[in-house]
Amino acid sequence: MPTPVSSIRNLGPASDASFARAGITSAEELREMGADAAYRHLLAHGTRPHFIGYYCIVMGLQGRPWNDCKGKEKDELRARFDAIVASVQEDKTAVPLGIEAILNDIGTGLRR
């Protein structure tokens, strides 16, 4: 039987739901994908980017508390996060993010 995503440190029931919407239904799948690929997958399926959300996944997969990382390590995580967000924004098959999603909702966006 698969282990829930929420069994990973820092992740709770809301994480179970978010990952399930993106097709990731177990902690095993999340661990196998790794933090960066899993977060990219979340964004591609409509989750709004949030650095702390990404940060919690990275730290949780390392078995560390979400606020354990500081200084240079945190700066490096921010750079990885920014690169992931940019790659999803460039991906024309991903669900739109930010203002593009809002414009699509009201019928004036570029993607439909």
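Visitor: Is cysteine 56 buried or exposed?
Guide: This model is predicted, and the values given here are computed from it. Cysteine 56 is placed in helix α4. Its relative accessible area is 13%, and a residue counts as buried under 20%. Cysteine 56 is therefore buried.

Visitor: Which residues does cysteine 56 touch, not counting residues up to four places away in sequence?
Guide: A contact requires heavy atoms within 4.5 Å. With residues up to four places away in sequence left out, the residues that cysteine 56 touches are Arg9, Asn10, Leu11 and Trp66.

Visitor: How far apart in space are cysteine 56 and aspartate 68, C-alpha to C-alpha?
Guide: Along the sequence, cysteine 56 and aspartate 68 are twelve residues apart. In space, C-alpha to C-alpha, the distance between cysteine 56 and aspartate 68 is 9.8 Å.

Visitor: What is the relative accessible area of cysteine 69, and is this residue buried or exposed?
Guide: The cut-off for a buried residue is under 20%. Cysteine 69 has a relative accessible area of 1%, so cysteine 69 is buried.

Visitor: How many disulfides does the count come to?
Guide: A disulfide is a covalent bond between the sulfur atoms of two cysteines. For a pair to be counted, the two sulfur atoms must lie within 2.5 Å. By this rule, the number of disulfides is zero.

Visitor: Which residues of α4 are buried?
Guide: Helix α4 covers residues 51-61. It is mostly covered, with eight of its eleven residues buried. These buried residues are Phe51, Tyr54, Tyr55, Cys56, Ile57, Val58, Met59 and Gly60.

Visitor: What covers the buried residues of α4?
Guide: The cover is made through contacts, that is, heavy atoms within 4.5 Å. It includes α1, α2 (27-33), α3 and α5 (71-90).

Visitor: Why does isoleucine 52 count as partly exposed?
Guide: Isoleucine 52 is also in helix α4. Partly exposed residues fall between the buried limit, under 20%, and the exposed limit, over 50%. Isoleucine 52 counts as partly exposed because its relative accessibility is 32%.

Visitor: How far apart in space are isoleucine 52 and arginine 78, C-alpha to C-alpha?
Guide: In sequence, isoleucine 52 and arginine 78 are 26 residues apart. Their C-alpha to C-alpha distance in space is 9.6 Å.

Visitor: Which elements do the buried residues of α3 pack against?
Guide: Helix α3 spans residues 35-44. Its buried residues are Ala35, Ala38, Tyr39, Leu42, Leu43 and Ala44. The elements they pack against are α1, α2, α4 and α5.

Visitor: What is the phi of asparagine 10?
Guide: Asparagine 10 lies in the segment before α1. At 27% relative accessibility, asparagine 10 counts as partly exposed. Its phi is positive although the residue is other than glycine, with a value near 80°.

Visitor: Which residues does serine 26 touch, not counting residues up to four places away in sequence?
Guide: Serine 26 is found in the loop between α1 and α2. With a relative accessible area of 5%, serine 26 is buried. When residues up to four places away in sequence are left out, serine 26 touches Pro2, Thr3 and Val5.

Visitor: Which residues lie nearest the centre of the largest pocket?
Guide: Rolling a probe the size of a water molecule over the atoms shows where empty space is left. The largest pocket has a volume of about 190 Å³. Of the 15 residues that line the largest pocket, those nearest its centre are Ser15, Ser18, Leu42, Gly53 and Ile57.

Visitor: How many residues of the lining of the largest pocket are nonpolar, polar and charged?
Guide: Among the elements of the protein, α1 (13-21), α3 and α4 each supply at least two lining residues. By type, the lining divides into eight nonpolar, six polar and one charged.

Visitor: How many helices and strands does the protein have?
Guide: From the N terminus on, the elements run α-α-α-α-α-α. The protein accordingly has six helices and zero strands.

Key
Residues are numbered from 1 along each chain as its sequence is written. This is a predicted model: local features need pLDDT of at least 70, side-chain atom pairs count only at pLDDT 80 or more; totals for chains, interfaces and linings use all residues. Side-chain values use heavy atoms; hydrogens and water are left out. Helices (H or I, at least four residues) and strands (E, at least two) are DSSP runs, numbered from the N terminus. Buried means under 20% relative accessible area, exposed over 50%, partly exposed in between (1.4 Å probe, protein chains only). On a 1 Å grid over the protein atoms alone, a cavity is a set of points where a 1.4 Å probe fits but cannot get out, and a pocket is an open set with protein on both sides within 12 Å along at least five of seven lines; lining residues have an atom within 4 Å of a point. Grid points are joined across faces, edges and corners, and a volume is the space filled by probe spheres set on the points. Ala, Val, Leu, Ile, Met, Phe, Trp, Tyr, Cys and Pro count as nonpolar, Asp, Glu, Lys and Arg as charged, and the others, Gly among them, as polar.
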